[in-house]
Each structure stands twice: as C-alpha cells, then as structure tokens.
Amino acid sequence: MVDPLPSGRVLEDAACRRASPTLIRTDGTLQLRADAARNRNRLLEVANRLAAERGIANVTMEDIASGAGVGKGTVFRRFGDRTGLLVALLSHYEQQLQAAMISGPPPLGPGAAPVERLLAFGSAVIAHEYAHRDFYLAAAHGDQSRHHTSPAYQFRLAQACLLLREAKVEGDIELIASTLLGYLETVLLDHLITGRRMSPERVQAGWHDLVGRYTSRSAD
C-alpha cells in the first residue's frame with residue numbers, strides 16, 4: 001500500500017532549512033591571483049562589449065580570444081566551455097540581485113512583510129531576467145542539467161523558501177517554492193513577453209496573483 005501524502009507542514013530540504021540565504025559566487029570560481037583575475041576580467045569585458053554590439057548568440061569563444069589578444073585555448077582554460085563563460089558573464093548581475101535581496105532596501109530587502117517581499121522578489125527577478133534575457137537564454141540553451149543545481153538557482157530557492165516560511169504558508173515549502181520559481185524561468189518569461197507580446201506589467205501581475213493564491217493558505 002502506498003503511504004498517504006503528508007498534510008500541513010512537512011520537513012523541508014536542506015536548501016529550505018537555511019536561516020537565511022547567503023550571498024554566493026554564482027560562477028563557482030575560487031579566489032584568483034591578481035594577474036589571473038585581471039586576465040579573466042579582460043575576457044569578460046571583451047565578451048560584454050561584443051555581446052552588446054552583435055548579441056551574445058553571435059559571439060564565439062574565438063571572437064573573445066581575438067578581441068582580448070589571446071589564444072582560444074586561454075578562453076577555454078579560464079571558462080571551460082561556452083556555458084561556463086555565460087555563467088561568468090551573468091555572475092556580476094546575479095550578485096547584485098542577491099545583495100539587494102539580502103541587505104537592500106525594502107520591500108525587496110529586509111524590513112517589509114514576508115508576502116510583500118515575496119511579491120517584490122518575483123517582480124525583481126522578472127525585470128532582471130528580461131534586462132539580461134540574451135545572456136540567460138543563451139545559457140538556458142546550453143547544459144540544461146546545470147540550471148537547477150546552479151548556485152544562482154539554489155539562492156533563489158532558499159530565498160523563496162525563507163519568505164514562504166515567514167509568511168506561515170501551509171504545505172511542502174520546497175515544492176511550493178519550486179513551483180513559484182517555475183513561473184520565473186527565463187524561457188517562459190521570454191515566451192510570454194517576446195513570443196506572446198505580453199507586457200512585463202501583465203507578467204508581474206500574474207506573479208502577484210500566483211503568490212496570492214499560495215499565501216492565502218497560511219497558518220493562523
């Protein structure tokens with residue numbers, strides 16, 4: 001016989017048991033020597049410039065190597081592959097978003113009610129991903145297996161779990177948080193805003209509606 005599903009509050013995964021999400025490096029790099037860090041930053045500057053000029057989809061590792069005046073092997077050694085490069089490019093933007101959630105002004109940062117912060121969380125992610133959609137889409141079309149195990153996703157999951165728990169939402173917090181984050185996936189947001197030509201405001205209103213449906217089921 002199959003055991004019945006648990007009701008009410010359930011134990012949460014380790015990512016959701018954190019007292020508070022911690023600001024993390026989203027590219028997984030270790031501390032580099034000063035000269036190595038300068039070289040890496042130079043490669044990222046070239047990649048950003050070329051992406052702004054022609055779109056990241058039209059920039060190759062060879063283009064970046066040529067623009068930085070180094071061999072192609074240097075770029076591959078530094079970033080591993082194209083997906084690794086894209087993750088590094090997005091790292092700076094992700095860290096800014098994380099910092100705003102951890103210590104920025106309310107309602108995204110501390111100081112607002114948890115539901116208000118959760119609403120601001122989704123709105124900020126929607127605006128963030130839309131602003132950098134070329135990078136995120138290119139990364140999303142790489143190794144899909146990396147997405148849900150990436151530090152950036154794990155941070156967002158922990159933050160969503162934290163706010164849902166503080167809002168006293170009933171149910172499996174990790175599954176609810178994962179469902180909510182599904183609405184904020186890059187590919188879906190691009191489909192809605194670019195493909196379906198929905199305004200970002202309409203998509204944000206959908207987030208508010210979705211959050212409202214879950215947070216209305218709160219413990220007394």
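I began with H7, which is mostly covered: twelve of its 16 residues are buried (under 20% relative accessible area, with exposed over 50% and partly exposed in between, using a 1.4 Å probe and protein chains only). The model is a predicted one, in which local features need pLDDT of at least 70, side-chain atom pairs count only at pLDDT 80 or more, and totals for chains, interfaces and linings use all residues. Residues are numbered from 1 along each chain as its sequence is written, and side-chain values use heavy atoms, with hydrogens and water left out.

**H7**

I listed the buried residues of H7; among them are Tyr153, Phe155, Arg156, Gln159 and Cys161. The buried residues of H7 pack against H4, H5, H6 and H8. Helices here are DSSP runs of H or I with at least four residues, strands are runs of E with at least two, and both are numbered from the N terminus. H7 covers residues 151-166 and reaches 22 Å from its first C-alpha to its last, close to the 22 Å expected at 1.5 Å a residue (1.5 Å times one less than the number of residues). Just after H7, I noted a positive phi of about 60° at Lys168.

**Aromatic pairs**

I searched the whole structure and found three aromatic pairs. Rings of Phe, Tyr and Trp (its six-membered ring) pair if their centres lie within 6.5 Å; planes under 30 degrees apart count as stacked, over 60 as edge-to-face and the rest as tilted. Tyr93 and Phe135 have ring centres 6.5 Å apart and planes at 45°, so I logged the pair as tilted. Tyr93 is in helix H4 (residues 82-103) and Phe135 in helix H6, 42 residues apart. Phe135 has 13% relative accessibility and therefore counts as buried.

Phe121 and Trp207 also form a tilted pair, at 6.3 Å centre to centre and 45° between the planes. Phe121 lies in helix H5 (residues 114-131) and Trp207 in helix H10 (residues 200-215), so this pair ties together parts 86 residues apart in sequence. I found both Phe121 and Trp207 buried. Ring pairs link Phe121, Tyr183 and Trp207 into a cluster.

**Confidence**

I checked pLDDT, the predictor's confidence in each residue, from 0 to 100. The protein averages 84, and 82% of the residues score at least 70. Helix H8 (residues 173-183) has the highest mean, at 97, and helix H6 (residues 133-140) the lowest, at 78. Over residues 1-11, pLDDT stays under 50. Where pLDDT is low, the predicted coordinates should not be read in detail.

Key. Contact = heavy atoms within 4.5 Å.
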